Amino acid sequence: MKEIYLEIDGKVVKAREGMTILEAARSAGISIPTLCYHEKLEPYAACRICAVEVESQGRTNVVAACVHPVEEKLVVRTRSEKVIKIRKMLLELMLAHAPEAKVLQDLAQEYGVNEVRFEKEPSFCVLCGLCVRYCAEVKKKNAIGFVDRGTRREVIFIPEVVSKECPRCKECFSLCPTEALQAKFVLTQVLIFPSPSSSGKETEE
Amino acid sequence: MPRINSHAELEELRKSILLKRDLNKPCIAVCTGTGCLALGAAEVVAAIREEIKKQGLEVKVDVRETGCPGFCERGTVVVIYPEEIDYLQVQPGDAGEIVSQTIVNKKVIDRLLYVDPTTGEKIVHESEIPFYKNQMRLLIGNNIKIDPKSIDDYLALGGYSALAKVLSQMTPEQVLEEVKKSNLRGRGGAGFPAGRKWEFTRNAPDEIKYVIVNADEGDPGAFMDRALLEGNPHSVLEGLIIGAYAIGSHEGYIYVRQEYPLAVENVGIAIKQAEEHGLLGRDILGSGFDFNIKVHRGAGAFVCGEETGLLMSLQGKAGEPRPRPPYPAIKGLWDKPTNINNVETWANVPLIINKGASWFTSIGTEGSKGTKIFSLVGKVNNTGLVEVPMGITLRDIIYEVGGGIPGDKRFKAVQTGGPSGGCIPEEQLHMKVDFDELTKAGSIMGSGGMIVMDEDTCMVDIARYFLNFLADESCGKCTACREGIRQMLKILTRITEGTGREGDIELLEEIAEVTRDASLCALGRTAPNPVLSTIRYFRDEYEAHIKEKRCPAYVCKELISYYIDPNKCKACMICLRNCPVGAITGGKKQIHVIDQEKCTKCGTCFELCPPRFGAVKRISGEPVPAPIPEEVKIIAKKGEEG
């Protein structure tokens with residue numbers, strides 16, 4: 001593999017052709033925050049929290065580090081004023097949905113997001129798609145998927161698949177950066193099995 | 001039809017088609033594009049055919065069902081050849097007169113002619129009507145001369161001569177050079193030089209390459225690609241085949257939206273005809289070059305017009321854009337190098353080949369060459385499709401071609417580039433329209449939507465409207481676009497509802513900047529344009545909404561009231577009888593009063609109050625005066641006063 005030298009935050013970094021900026025940065029000990037990224041999954045570039053500024057052939061652009069390939073002499077800024085501004089706004093936007101999410105709160109503290117100026121509409125899901133992609137790419141079950149688009153986009157369990165596959169798996173639960181997934185699963189389960197046993201449990205508690 | 005095996009055979013065929021045609025034979029051309037069909041063009045055609053039959057003129061007169069010439073405002077459009085008499089707003093009932101008067105007696109029917117609104121003069125010929133006269137109709141000009149279902153019509157106008165020239169006289173490299181030299185820029189929105197894009201795909205190291213026509217035209221109110229594809233499908237096919245030859249592709253797709261059934265039908269017929277003629281398929285024109293085209297119908301998502309979204313959709317996946325790089329030119333359809341151009345871009349290619357790159361570059365501005373088709377809609381007299389040279393001023397498009405603003409209203413802004421375009425104000429009307437100038441003004445060329453707005457348009461409400469469209473049409477994948485649009489829409493909505501807060505403008509700008517910079521695809525990256533451009537040029541309107549709770553255009557219902565001036569009301573009962581919610585009290589000889597609690601602000605009273613009274617007023621940003629006391633409500637009859 002061809003060796004490539006690029007500059008990240010003023011530091012010359014050696015990488016191999018085909019690597020992403022994120023991989024190159026991490027190999028050099030430079031941290032870039034991620035939310036929708038997972039080693040076992042295809043990069044998705046949806047949360048945008050890994051946004052970095054790149055300068056190539058005289059043009060500056062904002063790209064997602066998790067997918068953008070390294071190139072010779074690429075200049076990357078992972079903490080420029082613009083990048084910080086972007087991450088802060090993205091966190092604020094996500095916190096309106098999942099105010100209690102630990103990962104988001106930690107990042108908010110790191111980046112100094114002290115208030116959320118948007119009306120809270122806790123769907124608890126930030127649509128990072130980790131669960132959807134893990135189920136599709138690793139488990140190959142497609143028990144969970146996205147429905148609708150735009151601001152109406154949401155994640156749902158497919159009841160027919162859920163009833164067969166999910167009870168003994170639940171591996172996606174731990175991937176969820178918010179608590180949305182588990183709640184949704186429980187809801188789905190209740191809807192699939194409105195049996196006396198589940199209602200009995202409730203009365204027990 | 002025997003297939004054509006060489007350039008010479010194509011010219012033979014063309015000659016035989018032309019020989020059979022008598023240019024002096026009367027021909028009634030009726031636009032049967034989607035717009036005119038909606039206005040009853042099919043009935044007009046049927047009535048004309050019926051009339052011709054009745055008068056026994058079947059062999060003496062031709063009827064041609066054509067594509068859209070662009071003057072949709074005045075459909076159904078009928079042109080009588082050879083004189084080129086242009087009849088507008090033709091109804092089936094006019095058929096008898098058209099045949100007996102114009103065809104038989106060679107008399108022009110005055111009432112079907114275009115009347116110049118300023119001089120009152122009636123204009124007979126298409127080429128003299130200001131709407132057409134001020135255009136440069138290189139691409140859509142042929143629509144009215146062609147039956148899109150007839151390849152012979154296209155061949156008669158010189159069709160496929162560019163393809164024949166390319167295959168018999170030029171190497172793929174030469175074709176590529178010519179297109180690069182022409183500086184043809186993509187008409188789909190971004191304006192990327194087509195020749196360079198072709199070159200990337202051509203140079204990509206893979207045997208299999210694809211070429212695609214992007215006909216997923218989704219901007220509200222835009223229909224130029226539809227007009228080309230349904231009105232002159234062979235011109236798009238010819239461009240695509242030439243491109244495929246230059247790029248080294250043997251398979252092409254036309255991605256056309258499902259909502260364009262006539263375009264799907266006509267391009268399907270055209271492909272079949274081209275195949276039968278040996279202009280598509282194996283060994284095209286005996287050159288050894290093979291190329292096939294498939295039509296794929298889009299399932300109705302605006303975002304599939306974005307090229308990576310289109311590719312996903314074409315592969316049967318959800319239409320969600322993916323990051324670039326890799327660019328489609330390197331890794332596109334089925335991971336193979338793929339070149340995607342818009343309908344209008346492809347349609348330009350045969351012209352460039354036939355007339356040369358230097359001819360093409362003689363039209364337009366430094367950075368943008370050739371013509372551009374705009375769909376001119378909104379508050380403008382002549383709505384329709386207009387094709388103009390790059391570099392024409394906005395003022396010329398709106399006033400010379402478009403005939404200005406209807407009524408005595410004042411121009412306020414023109415929105416270009418579709419929902420993610422920007423609004424350009426009056427002081428910029430002198431702007432020379434091209435890719436770069438529009439971008440400088442905070443808007444975009446987009447695919448060529450042009451919505452004219454007059455003084456009755458609220459610019460905050462307009463921004464809200466477009467963001468609402470984008471909130472629906474974003475794929476929702478990335479945070480910057482989905483959440484940015486969601487919050488911008490919420491803020492715009494509260495401003496129009498009168499609950500905007502100090503700092504909202506700045507917050508909008510802050511979100512807009514992040515959505516523009518950090519979104520995954522062009523939809524998100526351009527989504528803030530309607531917000532930013534209206535703030536840039538109409539900040540005072542935002543401030544009026546927020547600080548004074550006033551809508552200067554009297555559009556935002558929560559911020560306006562209707563009020564009857566007791567000094568002007570003549571108690572004529574018109575508004576009172578027509579109020580749909582019974583909110584107006586009063587009676588004969590009794591001054592009318594609007595019950596503000598009941599009023600739904602539909603504006604009916606305002607519209608209907610006779611202008612000579614002008615008693616109904618719109619109020620915004622100030623309290624409604626208290627109703628006058630009961631005892632003074634009675635209007636005394638003349639003579640009884642005092």
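Modeller: In this predicted model, a residue is called buried if 20 or more other C-beta atoms lie within 10 Å of its own. Helix H14 (residues 343–355) of chain B is described in these terms.

Colleague: What makes H14 of chain B a mostly covered helix?

Modeller: Eleven of the 13 residues of H14(B) are buried. The buried set includes B:Val343, B:Trp346, B:Leu351 and B:Ile353, and also B:Glu344 and B:Asn348. Just after the helix, B:Gly356 adopts a positive phi of about 95 degrees.

Colleague: Which residues other than glycine have a positive phi, A:Leu127 being one case?

Modeller: A:Leu127 has phi near 55 degrees, and B:Asp335 has phi of about 65 degrees. Both values deserve mention because most residues other than glycine have a negative phi.

Colleague: Is A:Leu127 buried or exposed, and how do you know?

Modeller: A:Leu127 has 23 other C-beta atoms within 10 Å. The cut-off is 20 or more, so A:Leu127 is buried. The residue is found in the loop between helix H3 (102–111) and helix H4 (130–138) of chain A.

Colleague: What class does B:Asp335 fall into, and on what count?

Modeller: B:Asp335 has 13 other C-beta atoms within 10 Å. Exposed requires 12 or fewer and buried requires 20 or more, so B:Asp335 is partly exposed. Its place is in the loop between H13 and E10 of chain B.

Colleague: Which peptide bond in that loop is cis?

Modeller: The bond from B:Pro325 to B:Pro326 is cis, with omega near 0 degrees. B:Pro326 lies in the loop between helix H13 (307–314) and strand E10 (338–342) of chain B. B:Thr76 belongs to the loop between E2 and E3 of chain B.

Colleague: Why is strand E1 (residues 27–31) of chain B called largely enclosed?

Modeller: Four of the five residues of E1(B) are buried, so the rest of the structure largely encloses this strand. E1(B) pairs with strand E2 (residues 62–66) in the parallel sense over five bridges, and B:Ala29 stands opposite B:Arg64 there. Four bridges join E1(B) to strand E3 (residues 78–81), in an antiparallel arrangement. In E3(B), B:Ala29 has B:Val79 as its bridge partner.

Colleague: How do you know whether chain B is as compact as a globular protein of its length?

Modeller: The radius of gyration of chain B is 28 Å, close to the 26 Å that the globule rule gives for 642 residues, so chain B is as compact as a globular protein of that length. The secondary structure comprises 24 helices and 19 strands, and 54% of the residues count as buried. Among contacts with a separation of 6 or more, 72% are between residues 24 or more positions apart.

Colleague: What makes E2 and E4 the edge strands of the sheet in chain A?

Modeller: The open sheet has five strands in the order E2-E1-E5-E3-E4, with mixed pairing. Strand E2 (11–16) and strand E4 (59–64) each pair on one side only, and are therefore the edge strands. The twist averages 35 degrees from one strand to the next. E3(A) and E4(A) pair in the antiparallel sense over six bridges, including the one between A:Val54 and A:Asn61. Helix H2 (residues 81–95) of chain A packs on this sheet, touching E3, E4 and strand E5 (75–77), and its direction makes about 150 degrees with that of E3(A).

Colleague: Which helix gives the most to the side of chain B that touches chain A?

Modeller: The contact takes 26 residues from chain B and 24 residues from chain A. Helices H18 (459–473), H19 (479–496) and H20 (504–518) of chain B each supply at least two residues to that side of chain B. H19(B) gives the most, with nine residues. By class, the side of chain B that touches chain A divides into twelve nonpolar, five polar and nine charged residues.

Methods. Residues are numbered from 1 along each chain as its sequence is written. Chains are lettered from A and ligands numbered from 1 in the order in which they are written. This is a predicted model: local features need pLDDT of at least 70, side-chain atom pairs count only at pLDDT 80 or more; totals for chains, interfaces and linings use all residues. The radius of gyration is taken over C-alpha atoms; the globule rule is 2.2 Å times the number of residues to the power 0.38. Two residues are in contact if their C-beta atoms, placed from the backbone, lie within 7 Å. Two strands pair if DSSP finds at least two bridges between them. Ala, Val, Leu, Ile, Met, Phe, Trp, Tyr, Cys and Pro count as nonpolar, Asp, Glu, Lys and Arg as charged, and the others, Gly among them, as polar. Axes are lines fitted to C-alpha atoms, for helices over the stretch in contact, and angles run from 0 to 180 degrees between N-to-C directions.
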